[in-house]
Structure formats: C-alpha cells, structure tokens
Amino acid sequence: YGSILSAVLGAALLAGYLLLRDVHREAETALMRSHFVASVSHELKTPLTSIRAHAETLLMGRAGSAETTADYLKTIVSESERLTRLVDSVLEFSRIEQGRKTYHLQATRLDDVVRSAAKTMEYPLAQLGFTLTIASDGTAPILLADPGALTQAILNLLGNAMKYSGEARHIELRTGTRDGEAFVDVVDHGIGITRDDQSRIFERFHRVQSNETAGVAGTGLGLPLALHVVEAHRGRIAVESQPGRGSTFSVRIPLQVQA
Ligand code: ADP
C-alpha cells in the first residue's frame, strides 16, 4: 500500500505542480499582452501627435520659409512611415502566430537588402544626429531569399541600434561572407545588454526594464520577428554585447549551393 500511496501522492503533486505552472504562465502571458497593448497604443500615439501638430502648423500657414515647410512635410512623411512599419510588424506577427506567414524566395543580393534598409532609416537617423557607415567586404553574396522580409529583419535591428544607442551617435553595418555564410552585422555603441537579458530578448514581448530603456518606446516584437525571418532562411542571429559599451547583432545565413 505504501508504495501505491506514495506513487498516487507523487502523481497528484506533479499534476498540481504542472497545473500551477500553467496558471502562472498564462498569468504571465496575459500580463505581457496587456503591456503589449499599452505599448502599441503608446507607439501609435507618438507619431500621430507629431503628424497632427506639423500638419496643423502648415494648415495655419505658420511654417515660415519654404525650407521649414519642406522639413515639416518630411517629418510628416517619415512619421507616417513609422506608423506603417509599426502596423506592418503587428500584422506580420499575427500572421506568424497563426502560421500564415509565407516567404517568396528569389535570387537576392544581400548588399542591396542592406542598402535598402539603410535608405529607409536615413532620414530618422539624420534627424537624431546619427552617422551610419556601411562596410561591404566586396564578396557581394547572392542568396535565395525573400528580399522584403530580410529588409524588414535588418530594419528592426537597425531601428534597435538607434533606439538603444544612449548618448552614442554612430552605427555600423557590415556585410559580406564569413565561414561559408553570408552575414550582416549591425553594430551600435549604446547601452548594451547584460548576459542574462541576452538570452531573453528574442522572446515575444520581452523588453529589458532598466533606467536606460525606461523612456524608449517599443513593443517587444522587433527581435522575435527578425529571428523568425532569419530562421526561415535557415540562418541565425548572434548577439555580442557589453553593458555600457554597445551591441553587435549578427545575422548569418548559409550560402546555398548554386544550381
Ligand atoms: P522593442 O525594441 O520594441 O522593445 P525588440 O524585440 O526589438 O523590442 O527588442 C527587445 C528588447 O531587447 C528591447 O526592449 C531592448 O531592451 C533590448 N534590445 C534590443 N536591441 C538592443 C540594442 N541594440 N541595444 C540594447 N538593447 C537592445
């Protein structure tokens, strides 16, 4: 009897533990989702406020010179693009969650992907006083890839480099071929990430809570999205980072054997 009783007791304890763990996880997910809704709403509000303020000033004829008017219009365009990127990333994420995300592969020059991501970020980077250098090793790898999705992944990394740069104002993009893989390194000199956090930042909705990140808007979807895209290309993303010194996010994609 003793052994049967202890087996039953053990099973009951295990079931209880598993149930509690599930409940705990669900509560955690619910909390993360509500944070997510709050941060998405906040992220929508910031560009909307800016678009509205600039448009109203233009409407009242208060912008002044032609140059200022052009600056206001550029801001409106750039903020609208930011809104589009945010909405796109939320839609993209729900597509992934529902298993509906598809990739359209074609021969793609990685250098072109890097340049197109850099071009998209040119204006927001310049506005905040950033310099961006692009270093290509000249090997110009061609991948079987979805150029749009890959551009999105690099954009997310570049956007993060900008958001988490702290006082630093320089970002580097390096691309080429290394150890039989095509690579894109996104290098910033910003706030960095502790080792503990490095293992969690690719989880959906996960955002590092610290003094340095307190004022930075985000949804916690950028990295999981980028990782999904890169893994769909049979690649991976490596992080090297030191708190206070900066981070390097390195996208690596194996080169397919050409037919
Ligand atoms: P978001 O930036 O919208 O919060 P991400 O999924 O892109 O979401 O990133 C998750 C978290 O990882 C960020 O909230 C931030 O704490 C951290 N992080 C990402 N990139 C960097 C970086 N380049 N430097 C420092 N921290 C970063």
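A polar contact here is a pair of N or O atoms within 3.5 Å; within protein, one atom must be able to donate a hydrogen and the other to accept it, and residues adjacent in sequence count only if both atoms are side-chain atoms.

First, the ground rules. This is a predicted model, where local features need pLDDT of at least 70 and side-chain atom pairs count only at pLDDT 80 or more, while totals for chains, interfaces and linings use all residues. Residues are numbered from 1 along each chain as its sequence is written, and side-chain values use heavy atoms, with hydrogens and water left out.

Now the chain. It holds six helices and seven strands. Helices are DSSP runs of H or I with at least four residues, strands are runs of E with at least two, and both are numbered from the N terminus. In order from that end, the elements go α-α-β-α-β-β-α-β-β-α-α-β-β. The C-alpha trace spans about 90 × 55 × 40 Å along its principal axes.

Next, helix packing. Axes are lines fitted to C-alpha atoms, for helices over the stretch in contact, and angles run from 0 to 180 degrees between N-to-C directions. The axes of H1, residues 2-59, and H2, residues 66-97, come within 9 Å and cross at roughly 160°. H1 and H2 are therefore roughly antiparallel; angles under 35 degrees count as roughly parallel, over 145 as roughly antiparallel, 65 to 115 as roughly perpendicular, and the rest as oblique. The contact of H1 with H2 has 15 nonpolar, seven polar and five charged residues. In this classification Ala, Val, Leu, Ile, Met, Phe, Trp, Tyr, Cys and Pro are nonpolar, Asp, Glu, Lys and Arg are charged, and the others, Gly among them, are polar.

H2 also packs with H3, residues 110-127, at an angle of about 120°, with the axes 11 Å apart. That pair is therefore oblique.

Back to the ligand. Which residues are closest to it? Of the 20 residues that surround the ligand, the closest are Asn160, Tyr164, Asp188, Arg207 and Thr219; the cut-off is a heavy atom within 4 Å. A polar side-chain atom of Asn160 lies 2.8 Å from a ligand oxygen, and one of Asp188 lies 2.9 Å from a ligand nitrogen. A polar backbone atom of Leu223 is 2.9 Å from an oxygen of the ligand.

The shell divides into nine nonpolar, eight polar and three charged residues. H4 (147-163), H6 (222-232) and strand S7 (246-254) each supply at least two of its residues, and H6 gives the most, with three.
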